[in-house]
Amino acid sequence: MNAPMLNPAPTIDPELLRSFVAIAETGSFTAAAERVFRTPSAVSMQIKRLEEVLGVSVFKRDARNVSLTPDGEVLISYARRLLALNRETMSRFVSPSVSGVVKLGAPSDYGEVVLPRVLKRFAQTHPDVMVEALIDESVQLRKRFAAGQLDIALVSCSAEGPRINGEMMMTDEIVWAGAKGGQAYLRDPLPVSLWDEGCTWRQRAISALEQAGRGYHIAFMTANVSGQRAAIQADIAVAPMGRHFVGDEIQILGRESGLPQMGTYDLELQVADKSSAPVAAFADHMRSVFQHVRETGSFSCC
């Protein structure tokens, strides 16, 4: 006599649980989307799918808040245990086989904004890999990468400039940054804070000012993003900067402030040929971060 055929119980995709936990911990679909590097609409679809699989509602929603339902309260403990077990399993069978060194280079502005996101994620998935990070100008990073001294280089370049085996991560607008409520942009000649020679932002700023016939003088020069922000916030100068890197503490100054447009620049990722497994994995993490930026327009994540 044949045994009766039973329908297999459905399983839950760990990615659904990861988004569920992120929402429960942040209390926001938007914040959770940033944490898991997805768009809010994608996260919403994941929760809809999770609720369909379980046959229950896991969140209560209103105009301002997102909170767990009683069933959601039960699920959260299971979800955390399942995700922890998944990480433990991967660590036991996968991570030990992936070890080594990744030599990375990035300019200081990206090092401050981008690297913390990438390094946090990479450390969680590849704890046995050591990362050596070099902060330098894009011009120097290209030379080091060409000489084989770097496995990965994140570099900026003129949007219309030549490509050197680079993978474009994003195109950003170059804007003028000034202190909130500041007066530096009203001075004549215009006091500007610039990066060292070879910086794309510097070249565009000088070219735009000269074409507009706007007098200027270099009031501050640094190759460090912290120094640049200090000069801006002290209102001793205005400075060219990528729109994505302006932040909340300073403001963008446009044509209404009498400052010329500077166009755009590209940000490229260069990865060594025949990369090792750790290098390839780190490059994938970098691509994931910039995919999030392209989808959401923000580096706010993790």
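**A colleague's note on salt bridges, helix packing and backbone details**

1. A search of the whole structure finds 12 salt bridges.

2. Before going on, please keep in mind that this is a predicted model, in which local features need pLDDT of at least 70 and side-chain atom pairs count only at pLDDT 80 or more, while totals for chains, interfaces and linings use all residues. Residues are numbered from 1 along each chain as its sequence is written, and side-chain values use heavy atoms, with hydrogens and water left out.

3. Do look at E25 and R35, whose side chains meet in a salt bridge at 2.5 Å, N to O. This pair links distant parts of the chain, with E25 in helix α1 and R35 in helix α2 (residues 29-36), 10 residues apart. Helices (H or I, at least four residues) and strands (E, at least two) are DSSP runs, numbered from the N terminus. E25 counts as partly exposed because its relative accessibility is 42%, and R35 is partly exposed too, at 35%. The classes are buried for under 20% relative accessible area, exposed for over 50% and partly exposed in between (1.4 Å probe, protein chains only).

4. Helix α1 (residues 14-26) also packs with helix α3 (residues 40-54), at an angle of about 110° and with the axes 9 Å apart. So α1 is roughly perpendicular to α3; angles of 65 to 115 degrees count as such, with under 35 being roughly parallel, over 145 roughly antiparallel and the rest oblique. The axes are lines fitted to C-alpha atoms, for helices over the stretch in contact, and angles run from 0 to 180 degrees between N-to-C directions. α1 passes α3 in a left-handed crossing, meaning that the near helix is turned anticlockwise from the far one by less than a right angle.

5. Two further salt bridges deserve a visit. In one, R243 pairs with E173, the closest N and O atoms being 2.9 Å apart. That pair links the loop between β9 (239-242) and β10 (250-253), where R243 sits, to strand β6 (residues 167-179), which holds E173, 70 residues apart. R243 is partly exposed at 39% relative accessibility, as is E173 at 30%. In the other, the side chains of R144 and D136 meet at 3.9 Å, N to O.

6. Some backbone details are worth checking on screen. A cis peptide bond joins D188 and P189, with omega about 5°, and P189 lies in the loop between β6 and β7 (190-194). F37, in the loop between α2 and α3, has a positive phi near 60° without being a glycine; with a relative accessible area of 10%, F37 is buried. D235 has a positive phi of about 65°, again in a residue that is not a glycine. D235 lies in the loop between α9 and β9 and is buried at 16%.

7. The loop between α9 (225-233) and β9 also holds V238, which is buried, with a relative accessible area of 1%. The C-alpha atoms of V238 and I252 are separated by 9.7 Å, and these residues are 14 apart along the chain.

Conventions. A salt bridge is a side-chain nitrogen of Lys or Arg within 4 Å of a carboxyl oxygen of Asp or Glu.
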